Amino acid sequence: MEQAAAPSASRETQPPRRAHSELVYGIEDVPPLPQTLFAALQHMLAMFVAIITPPLTIVVMSRFLHLVKRIITPLVTGIVVLLIGLTLIKVGLISMGGGYGALADGSFASHTNLFLSLLVLGLIVLMQRSRNPWLRLSAIMIAMLAGYAVALLLGKVAAPTFDGPLLMVPIPLHYGLGFDWQLFVPLAIIFVVTALEAIGDMTATSDISGEPLEGPVYMARIKGGVLADGANSMLAAVFSTFPMSTLAQNNGVIQLTGVASRHVGLFIAAMLALLGLFPAVASLVQQIPEPVLGGATIVMFGTIAAAGVRIISREELDRRALMILAVSLAMGLGVAQVPEVLQHLPELARSVLSYGVATGGLTAIILNLLLPKRTAVQA
């Protein structure tokens with residue numbers, strides 16, 4: 001009787017994927033077309049909220065991430081993910097109150113703004129607790145459409161106006177190509193720091209999707225993601241737009257919808273590329289009231305912070321880990337709340353450290369390297 005072939009060495013070295021009962025579709029699943037379109041549309045709506053600035057020099061850094069395993073530890077990435085969520089919550093709250101425009105005109109946190117934001121927030125929470133997978137899958141979109149409709153009835157939505165061309169094809173290097181060392185050096189440092197945030201975002205994605213948080217599968221995902229960040233930023237520069245980076249709120253969409261399928265990402269890319277050809281779409285998106293956006297994003301940002309807590313909780317929280325966690329959170333959140341503490345530093349240092357995720361993440365990395373790990377007491 002023949003024996004079954006032994007598993008290959010490469011499979012033995014990879015940790016098993018974790019069961020994740022909250023997921024409707026796993027990362028390798030291919031959902032039916034309607035569910036795929038719903039999930040892709042909600043990811044795209046989340047991206048509309050904010051496109052943040054990021055990496056260029058990391059097309060090189062991503063290839064050497066496997067050499068810095070002492071830095072990319074679950075404790076460090078968990079702290080970064082937690083800081084991303086906690087620092088973004090302020091952005092969500094400002095949107096709930098009506099945004100910066102409402103702060104300027106004195107209507108911030110008006111009864112109408114709070115009603116709209118809490119309506120969207122409440123609908124998302126209610127639909128997430130439903131046993132109907134369709135309601136859970138489309139919770140964000142339904143809640144935002146309901147909020148938009150109510151805002152329309154309350155007179156909070158202005159009629160969109162657009163007088164440009166219907167179709168516009170991007171022109172490569174429309175503004176020419178230039179290079180300035182004075183701009184390159186500070187931006188290079190900022191982009192390297194942003195790579196740390198991207199690693200945190202992708203670690204949260206792996207966690208929410210039930211994928212490994214260590215080992216070759218995890219490292220390959222991190223390296224590929226950071227490389228894609230840099231390549232996308234270069235492509236964006238060619239077409240005269242802002243650099244692109246990972247968006248933390250999309251982890252919130254995965255958590256809320258339960259759809260982690262990479263197949264959905266292909267639809268998101270196609271939808272964004274297609275909509276980018278129609279400038280009028282931007283005018284329509286700008287008509288979504290800030291409180292409606294805030295009611296949705298506050299949930300997403302909260303789930304990101306919760307994912308960070310979950311990653312950290314898997315570590316042994318001894319005195320060393322608690323010290324790293326305490327100091328990193330204090331520095332990151334402290335700078336985010338009181339940026340004036342950096343006012344006497346050089347401009348380059350201020351531009352890097354004024355972002356709480358950067359300050360807290362760098363603090364976690366330094367302490368993780370300097371503080372010795374506890375060794376087993378020998379008998």
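What percentage of the 379 residues in the protein chain do buried residues make up? In this predicted model, the figure is 42%. The chain contains 17 helices and zero strands, and four salt bridges are counted in it.

**Overall architecture**

- Secondary structure in the protein chain consists of 17 helices, with zero strands.
- Of the contacts between residues at least 6 apart in sequence, 84% join residues at least 24 apart.
- The protein chain exposes about 20,500 Å², and carbon and sulfur atoms supply 68% of that area.

**Salt bridge between Glu28 and Arg262**

- Side chains of opposite charge can pair when their charged atoms come close.
- Glu28 is paired with Arg262 in a salt bridge whose closest N and O atoms are 3.1 Å apart.
- Because Glu28 lies in the loop between α1 (9–12) and α2 (33–49) while Arg262 belongs to helix α12 (residues 262–275), this pair ties together parts that are 234 residues apart in sequence.
- Arg262 is partly exposed, its relative accessible area being 45%.

- Asp207 and Arg310 form a salt bridge in which the closest N and O atoms are 2.9 Å apart.
- Asp207 is located in helix α9 (residues 181–208) and Arg310 in helix α14 (residues 290–313), so the pair ties together parts that are 103 residues apart in sequence.
- The two partners fall into separate accessibility classes: Asp207 is buried, with a relative accessible area of 0%, whereas Arg310 is partly exposed, at 27%.

**Salt bridge between Glu211 and Arg221**

- A salt bridge also joins the side chains of Arg221 and Glu211, with an N to O distance of 3.1 Å.
- Arg221 is in helix α10 (residues 216–238) and Glu211 is in the loop between α9 and α10, the two residues being ten residues apart.
- Glu211 counts as buried, because its relative accessibility of 3% is under the 20% limit.
- Elsewhere, salt bridges with shared partners join Asp207, Arg310 and Arg314 into one network.

How values were computed. Residues are numbered from 1 along each chain as its sequence is written. This is a predicted model: local features need pLDDT of at least 70, side-chain atom pairs count only at pLDDT 80 or more; totals for chains, interfaces and linings use all residues. Side-chain values use heavy atoms; hydrogens and water are left out. Helices (H or I, at least four residues) and strands (E, at least two) are DSSP runs, numbered from the N terminus. Buried means under 20% relative accessible area, exposed over 50%, partly exposed in between (1.4 Å probe, protein chains only). Contact means heavy atoms within 4.5 Å. Accessible areas come from the Shrake-Rupley method with a 1.4 Å probe; for residues, only the protein chains shown count as cover.
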